[in-house]
Amino acid sequence: MEIKKVVVIGSGTMGSGIAAHLCNANIPVTLLDLKTEISEKARDRIFKSRPPLLIDKSKINNINIGNINDDFNLVKDADWIVEAVVERIDIKHNIYEKIFKTRKSGAIVSSNTSSIPIKVLSKNLSEDEKKDFCITHFFNPVRYMGLLEIVKNENNDLEKINSLKKFCEIELGKGVIICNDTPGFLGNRVGVYAMQIAMNEAFRMKLSIEEADAVFGRPMGIPKTGVFGLYDLIGIDLMADVLKSFIKELPENDEFQIVAKEIPLIKKLIETGYTGRKGKGGFYRINKTEGKKILEAINLDTGEYFPTKKIDLKLDKVDLKNLINRKDKYGEYAWSVLSKIIKYASSLVPGITDKFNNIDEAMRLGFNWTKGPFEMLKEIGVKNFFERIDDFKNNKFLENLSKSKDENFYGERQLYTNIETLGKIKPKAIKVDKNNSAEIYRFENFNIVEFNTKANTLDYDSMDCLKKATDKPLIIINESMQFSAGVNLSYTMDFADKGDFKSIEKFIKYFQETCKHLKYSKHPVISAPSGLALGGGEEVILQSNFVVSHTNIVMGLVETIVGLVPAGGGCKEVLWRWCQSDEAKNDPDFAPLKVFDIIGYAKTATSPVEAEPLKYLRPEDKKIMNRNSLLAVSKKILDDNKDFKAPEECKFNLSGKLLKEKMIKVLEKLYNEKVILDHGVEVGKELANVLSGGDTTIDKTLSEDDLYKLELDSFMRLIKTKKTQDRIKHTLVTGKPLIN
Ligand code: NAD
């Protein structure tokens, strides 16, 4: 079975997201709704969405639109028809009747329902029709969430389900988990329970919402929105609907029933329009007073808002053992929440899946947790867990484990896919070296470096691992969300605050030395980024010999935003790439001026399609839809390049002073137009100095080391200025740029 054309019915949040993602996979797709105007609006929304649902916005018109009255005959040509209309069984049944009358024989029909059992959905279908009907449950936003749950019915043609799975895995890049027909399937059943427990326990233990989010967040390997932030993001009203449906669908004695009970404060928030970020605010809100925006948090007792308080648990890594052993309310809360999640998730095995591993992977892919409940149990330790847990009656999984006390109960990871993933090979690889910021693994005949700091920011230790790992072919890849958000600015500012600029210089020099080493060592180096690849992260990529990029990347040299210039070879490498362009052959200033514009404006790309015209990526760099495949594709490159030879060093002929003057003219214009302020000019002048080659003339040839030196000098001059330090501090505190 081949899927060459798809029709999506219902152009709301999910239908439009699914259509956009099919468009990302170059599959012709038609989006139908009640009226063409509704689908048209949806297409508009796709175009303007942020983060963008489309990898390549210029393809927007490949999404065909129409309405279910005039254009239903398009269903005839489709190999797959996805229903994503409102969650109402009567409406869905009507649509199926129409679809099955019109579709070509054998075409797959699926529903995106999040809560209606397949038994109920397919009630009116004939045995033959049931063969081709299943649930394909995508997560929002479709482009970015890795999980797709497929629910079969007992009549399904298994071969067909498998080829749909394969299509969704390879073409759409999803982690596809086949689930039983149980309420909420895997992801939502455990994920929503976890949210409810985190919320209920915060009420019970009288934690503030900032405190709860600080614990049920990064220290547990859960996204920093925590529970209350996530509630606001999803929509408090939508969450209430989800809970109602769970209450309706689940048996009375299911633990979920207790945690899903309506909370008076939530009822009040919804009634008063505080439905979260899309409404007037939610558990958090932005209060604008005297022209200032202040983030406020609700007091769970009184319902009043107060300015948020930052909670620092002094934990920058996931460390569950330490967290649950803390002798304070945070430790107690963490244990209470974690143990209940583990208890609930394990009570669902084998009812919702016979492979507990699937629950963990669903939590990773659908909720962006770094570990699922069973991996958490493994990390806490079986013995520790049973020493502390009270009762686990009627929980077969825990009863068995309490008897076997098998610390190695876990077995393999990512059983849902046949792809050789990083997650699968890591446990089999040899751990070669490890420090605070990164780890080196050896697998077969190559090394892997995985960064492991917050957002994978880079410091001296990260560079140390990279450098050491070049004794073999190297793949730089990681499982966490981001490849790297750039150099660790707090680390840099700690030195700057002490006036220890020597240490900063030492670090930047080592950064440069490492990047040079990556590029010219005798073994090939491959970067396999996904997520953020910014600043220093992008410099590592630029100086790797090969790149295998996930299609969901955000890539760019953004240093000027914090008042710096790229100094790990970023200016040099992008300049070199532009120097190879046809235009540069006729005009020696073309490439530096182009790069001045790109780095000066800190241009970022939100996909490889946007990264290539900026030359952050090259045409030959691989662009991959399925994140799980990054390792396998990288391995293939190593296999295909057994006779790899390091590239020749690049050389530059730049115009120096004359070119710098041209760039300064650009800065003056921007200053007069108030696009940039005083310090913007200073940063721009330093960038101009690097890209013009400094004190040089066109007939002099500069080496890469000359360019590295110019980058370093400019970086050091800028980091010593108060205004750059102000920018960095502002970004660290607010996450936003400071224009000064
Ligand atoms: P939505 O309300 O955003 O969109 C529903 C769309 O269906 C609307 O555009 C509406 O005009 C259209 N519609 C209604 N009746 C129709 C009909 N007879 N023919 C054609 N179109 C019709 O809803 P949504 O959030 O996109 O949810 C769609 C489905 O996906 C639901 O089954 C929901 O449970 C499920 N789901 C939602 C999410 C989520 O996060 N929103 C996640 C996973 C699954």
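This is a predicted model: local features need pLDDT of at least 70, side-chain atom pairs count only at pLDDT 80 or more; totals for chains, interfaces and linings use all residues.
View 1. A backbone N or O atom of Val85 lies 3.4 Å from an oxygen atom of the ligand. For Gly12, a backbone N or O atom is likewise found 3.5 Å from a ligand oxygen atom. Lys92 contributes through its side chain, with a polar atom 2.7 Å from an oxygen atom of the ligand. Of the 830 Å² of accessible area that the ligand has on its own, the protein covers 79%.

**View 2. The shell of residues around the ligand.** The ligand is surrounded by 23 residues, and the closest are Met14, Asp33, Glu87, Lys92 and Ser114. By type, the shell comprises eleven nonpolar, nine polar and three charged residues. At least two residues each come from helix H1 (13-24), helix H3 (89-102) and strand S6 (133-138). H3 supplies the largest share, three residues.

**View 3. The largest nonpolar core.** This core has 109 residues. Those with the most contacts inside the core are Ile9, Phe216, Phe228, Tyr231, Phe256, Phe283 and Tyr333. Helix H14 (residues 329-347) gives the most to the core, ten residues. In soluble globular proteins, nonpolar side chains tend to be buried together.

**View 4. The surroundings of Phe216.** Leaving aside residues up to four places away in sequence, Phe216 touches Ala194, Ala198, Ile222, Gly226, Val227, Tyr333, Val337, Ile341 and Trp369. Both Phe216 and Tyr333 are among the residues with the most contacts inside the largest core.

How values were computed: Residues are numbered from 1 along each chain as its sequence is written. Side-chain values use heavy atoms; hydrogens and water are left out. A residue is near a molecule or strand if one of its heavy atoms lies within 4 Å of it. A polar contact is a pair of N or O atoms within 3.5 Å; within protein, one must be able to donate a hydrogen and the other to accept it, and residues adjacent in sequence count only if both atoms are side-chain atoms. Accessible areas come from the Shrake-Rupley method with a 1.4 Å probe; for residues, only the protein chains shown count as cover. Helices (H or I, at least four residues) and strands (E, at least two) are DSSP runs, numbered from the N terminus. Ala, Val, Leu, Ile, Met, Phe, Trp, Tyr, Cys and Pro count as nonpolar, Asp, Glu, Lys and Arg as charged, and the others, Gly among them, as polar. A nonpolar core is a set of buried Ala, Val, Leu, Ile, Met, Phe, Trp, Tyr and Cys residues joined through side-chain atoms within 4.5 Å. Buried means under 20% relative accessible area, exposed over 50%, partly exposed in between (1.4 Å probe, protein chains only). Contact means heavy atoms within 4.5 Å.
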